Amino acid sequence: MNLQFGPKKIIPVIVLLSAIIFSNKTVAQTDSTATDSVLLKQIEQQMQTNTEVAPQQTRSGISSNPDIGVVADFRASYISQGKKNFDAYLNETEISFQSVVDPYIRADFFLTFGRDPVTNKYGAAVEEGYLTTLSLPAKLQLKVGKFREAVGRINPTHPHALPFIDLPNAFVNYFGEEGLNDEGASLSWLLPTKFYSELIFQATSGASESPSFYRGDNNRFIYLGHLKNFFTLSDNTTLEFGLSGITGPNDSSSTTNIGAIDLTYKWKPVQLNTYKSLTWQSEFFYSNAKYSANKMSNSFGLYSFLEYQIAKRWFLTGRYDYAQKPYNKNIVEQAYSLSAGWLATEFQKIEFEGKVTNVNIQSGFNQFWLRWIFVIGAHGAHQY
Amino acid sequence: MKKIISIFSLLLIIISGANAGSIKVVTTTMDMKSITEMIGGNKVSVQTIATGYQNPHFVDPKPSYIISLSNADLFVTVGLDLETGWSPQLLSSSRNSKIQKGSPGYVDASEGVGLLQVPSSVNRGEGDIHIYGNPHYWLDPLNGKVIARNIASGLERIDPANKDFYEANLHAFFAKIDLKLKEWDAKMAPFKGSKIIAYHNEWVYFERRFGLQIVDFMEPKPGIPPSPSQLVKVIKEVTANKIKVIISSPYFTTSSSDVVAKQTGVKELTLATSVGAFSSIKNYFDLFDYDVDQLTAVLK
């Protein structure tokens with residue numbers, strides 16, 4: 001079979017193709033003219049009726065990825081005692097992944113990269129990682145995983161959202177710098193009351209880093225109950241009153257019981273809530289720690305702070321701490337601190353804090369901190 | 001026997017009374033509440049989270065809102081990312097599967113709205129950029145029709161027995177919007193092309209509908225408070241363009257526009273961005289009546 005085309009054969013083919021193309025074009029031109037005139041009429045009608053509609057634009061940001069955010073906490077510090085007085089470090093980097101899993105549950109993960117204050121080395125940890133149900137009946141909600149437990153106000157709050165840089169002495173004495181944060185389950189029930197009342201019961205497999213509780217080799221769990229009550233006093237003022245009770249094993253293979261009360265009053269004028277606000281928050285802790293059949297220690301601690309927003313970007317916070325040592329109530333710490341925060345935007349704040357601590361068995365000391373917090377990516381709302 | 005009949009009659013009255021407004025709706029804003037009430041009539045009882053004089057970006061997620069959400073049959077949100085800082089947390093805590101996103105009781109009122117200012121890329125260096133587009137779309141009364149359609153569809157999903165009732169109210173709402181729009185258009189017609197300054201970038205839909213021209217904002221970037229250099233820039237613009245008015249909202253302070261007003265003589269006007277911003281604004285139509293009357297009085 002000869003597939004070669006000589007010039008004599010190509011020319012008639014080109015002529016034929018040209019004829020087809022031009023004939024189609026002529027038909028198309030005829031149709032186009034008719035269509036154009038219809039379009040022209042439509043445009044004229046639209047201009048006359050003046051029913052202008054905004055152009056539909058493609059919506060962006062459609063993705064099945066979870067919301068991802070990074071919160072960084074850079075610090076500089078000074079302490080008036082010891083050999084090393086000044087320090088500067090990236091205290092913690094928190095990476096969050098948050099999303100609804102399916103119509104029944106959502107998942108929240110907070111991974112942290114923090115500096116160990118003793119070794120100065122950075123390590124990674126799961127700060128929180130839990131699922132929350134969205135569709136249980138009877139106004140119940142279940143949370144399963146690793147989470148900050150529901151003790152009062154400070155423990156459930158991520159440190160970058162607090163209005164001061166250090167944690168209150170009483171809180172650290174009972175729950176440590178990382179707070180009570182462990183693996184287990186949490187069931188909460190919204191009570192059928194006219195005001196907001198939520199009852200929470202949590203069982204966790206033991207605190208991995210807590211002065212009061214200990215994760216041993218046995219089968220003992222930490223049990224926690226919390227009753228949160230929230231009252232709207234007026235459009236601008238609210239009051240929260242909470243009761244907490246915790247019982248669990250300690251490092252003496254015995255039991256520690258802690259009772260806590262939290263009280264928070266807020267004034268936030270609805271109309272200008274981004275310019276002015278005032279928060280007065282206090283928590284009281286009472287601990288009963290048994291160490292052996294004959295040895296037991298009862299202790300008490302509290303903090304109370306007043307935060308005042310003086311302008312859109314400026315916050316001032318004064319705090320008083322009182323803390324008896326959990327193992328010996330005769331050792332008493334008292335501290336006074338003052339913090340100033342400047343919020344550039346919702347995604348960046350700089351804070352200064354000065355603190356004076358007095359301990360009844362040793363000389364007092366002073367501390368200063370600077371904290372610069374910045375956020376990239378998504379960042380959800382904090383508790384009110 | 002008569003007593004039994006009387007008791008039954010009384011029970012019927014009580015039951016029928018209980019049905020009036022028996023669909024519980026929670027809306028994020030007053031504008032959504034107003035339109036829901038017009039579509040739902042006596043079949044709905046509506047609660048709102050934000051007030052009309054509150055910045056809808058920064059509503060505090062008070063636990064007390066969770067109670068009304070936990071009992072709601074329908075949830076209406078402005079959507080896009082207007083309420084992103086507070087409504088997802090409240091919804092998650094509501095323990096109410098009926099109103100979660102994707103459920104029949106979840107209404108995103110922005111569905112089908114022709115969005116303006118949709119960014120092609122997102123960079124927070126530009127301030128509070130809305131990734132889906134400008135979310136203040138209810139300030140164009142024609143978008144009120146889209147909102148109403150979405151709300152009617154939501155009500156019909158959860159209460160199909162009353163579909164005809166909702167459709168009738170929807171078409172009455174459409175007719176009133178068309179009628180009132182002619183009135184507002186007529187009032188604003190002499191001022192088409194008027195140059196104005198706004199505090200925050202929340203008027204683009206209103207600007208477009210009524211042919212205004214926003215030259216600049218008091219905020220140098222969305223969400224960033226006015227800086228001295230921005231005030232100098234605005235003062236120059238007001239003088240160069242003979243601008244008559246700076247418009248703002250009830251939830252912004254006037255200290256920066258006071259400075260510009262003192263330097264240039266420009267008038268300051270606090271307009272309503274939502275129903276309930278001022279006591280005279282009872283519904284969605286009052287909102288535009290108020291803003292159009294206030295603006296035309298100043299632009300004369």
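**Note on strand pairing in chains A and B**

1. Leu278(A) stands opposite Tyr308(A) in β12(A). Strands β11(A) and β12(A), the latter spanning residues 296-309, pair antiparallel over 14 bridges. Two strands count as paired if DSSP finds at least two bridges between them. Helices (H or I, at least four residues) and strands (E, at least two) are DSSP runs, numbered from the N terminus. A hairpin of five residues links β11(A) to β12(A).

2. This is a predicted model: local features need pLDDT of at least 70, side-chain atom pairs count only at pLDDT 80 or more, and totals for chains, interfaces and linings use all residues. Residues are numbered from 1 along each chain as its sequence is written, while chains are lettered from A and ligands numbered from 1 in the order in which they are written.

3. β11(A), residues 277-290, also pairs with β10(A), residues 255-267. Twelve bridges join these two, and they run antiparallel. Ile261(A) stands opposite Phe284(A) in β11(A).

4. Chain B has an open sheet of four strands, ordered β2-β1-β3-β4, with parallel pairing. β2 (44-48) and β4 (106-108) of chain B are at the edges with a single partner strand each, so one side of each lacks a neighbour in the sheet. The twist averages 20° from one strand to the next. Axes are lines fitted to C-alpha atoms, for helices over the stretch in contact; angles run from 0 to 180 degrees between N-to-C directions.

5. Five bridges join β1(B), residues 23-27, to β2(B). Ile23(B) stands opposite Val44(B) there. Helix α2(B), residues 30-40, packs on the sheet and touches β1, β2 and β3 of chain B. Contact means C-beta atoms, placed from the backbone, within 7 Å. The direction of α2(B) makes about 175° with that of β2(B).

Key
Two residues are in contact if their C-beta atoms, placed from the backbone, lie within 7 Å.
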